[in-house]
Amino acid sequence: MSDLVFYTNPMSRGRIIRWMLEEVGQPYETKILAWETGAAKSPEYLAINPMGKVPAIVHGGVVVTECAAICAYLADAFPQANLAPAPGSKDRGPYYRWLFFGAGPIEQMASFAALRLEVPEDQRMMVGFGCAADVLNTLEGALKGREFLAGDSFTAADLYIASHLGWGMDFGTIEKRPVFEDYVARLTARPAAVRANQIDDALIPQPEPAE
C-alpha cells in the first residue's frame, strides 16, 4: 500500500491531480468516490475534507485539499520530478503567480461564466477576477511568445493553467484563442497527460446498452 492516497472522481477537477501524479511518477493509491453513492459526503471522507469535495490527497498522514495546493505540495514533496523552480530561483515568483492566478481569477471567471452571471462594470472591484476580458488578456499576454509560464521548463503552474484552459474551452466557459489552443495542445500531448486521461476515461461509468 502506498503512503500517497488520491481521492477523486474521474468526472471532476481530480483529473488535474491525476495528471500531476503521473508527472510526479511515484506510486499512489486511488480511491474513487462515486457521486451516485454520496461517498464524498460520507463521514469517512468528511473527516479528510469537511467540504465533501474532491480531489484530496493524504501523503504520509498529511491531508492536502484544493487543486492548486495539491499541485504545489506534490511539486515540493517530489523535487526530483522538476515540476517547480528551486526555492530561491528567480522563476519561483512567476511560478507562484501563475499557479494561483489559475486558482483565483481563472477559477472565478469560469465559475461565473458557467452560472451565466455578469458582474456590472461598476461592481468589478468587488470580485477578484474583475472581468473576463482582463483575465484572458492578462494570460494571453503572459503566454504569447513563450513556451512555459515560469522559466524555460514545464512546471505545475503550466499543468494547472493548461488544465483550466482546456476544460474551459471545451465547455464554453473560456473563450478560445489561438495562443490558448496551441498551449493546451502542446502540454496535453505530454506522455503523463495522455496516460492520466486514459486512466480517468476508463473509470467513467458507461451507460447500460439499450435492450
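## Salt bridges, aromatic pairs and buried residues

Across the whole structure, a search finds ten salt bridges, a salt bridge being a side-chain nitrogen of Lys or Arg within 4 Å of a carboxyl oxygen of Asp or Glu. This is a predicted model, in which local features need pLDDT of at least 70 and side-chain atom pairs count only at pLDDT 80 or more, while totals for chains, interfaces and linings use all residues. Residues are numbered from 1 along each chain as its sequence is written, and side-chain values use heavy atoms, with hydrogens and water left out.

| Lys or Arg | Asp or Glu | N to O distance |
|---|---|---|
| Arg-15 | Asp-201 | 2.7 Å |
| Arg-195 | Glu-22 | 2.7 Å |
| Lys-90 | Asp-91 | 3.5 Å |

In the salt bridge between Arg-15 and Asp-201, Arg-15 lies in helix H1 and Asp-201 in helix H8, so the pair ties together parts that are 186 residues apart in sequence; helices are DSSP runs (H or I, at least four residues), numbered from the N terminus. Arg-15 counts as buried at 18% relative accessibility, whereas Asp-201, at 41%, counts as partly exposed; buried means under 20% relative accessible area, exposed over 50%, and partly exposed in between, with a 1.4 Å probe and protein chains only. The salt bridge of Arg-195 with Glu-22 also links distant parts of the chain, with Arg-195 in helix H8 and Glu-22 in helix H1, 173 residues apart. Here Arg-195 is partly exposed at 35% relative accessibility, and Glu-22 is buried at 12%. Lys-90, the partner of Asp-91, is exposed, with 73% relative accessibility. Elsewhere, a network of salt bridges links Glu-140, Glu-175 and Arg-177.

Helix H8 (residues 191-203) is also the place of Asp-200, which is buried with a relative accessible area of 1%. Leaving aside neighbours within four places in sequence, Asp-200 is in contact (heavy atoms within 4.5 Å) with Pro-10, Arg-15 and Arg-18.

Met-20 is found in helix H1 (residues 14-24) and, at 0% relative accessibility, counts as buried. Not counting residues up to four places away in sequence, Met-20 touches Cys-71, Leu-74, Ala-75, Leu-83, Ala-156 and Leu-159.

Tyr-96 is partly exposed with a relative accessible area of 32%, and Phe-100 is partly exposed at 40%. For Phe-148 and Phe-154, the ring centres are 6.5 Å apart and the planes stand at 75 degrees, so the pair is edge-to-face. Phe-148 and Phe-154 are both buried, and together with Trp-19 they form one aromatic cluster. The charged end of Arg-190 sits over the ring of Phe-154, 3.7 Å from its centre, a charge being over a ring if NZ of Lys or CZ of Arg is within 6 Å of the ring centre and within 35 degrees of the ring normal.

Technical notes:
Helix = DSSP H or I, 4+ residues; strand = E, 2+ residues; numbered from the N terminus. Phe/Tyr/Trp six-rings, centres within 6.5 Å; stacked < 30°, edge-to-face > 60°.
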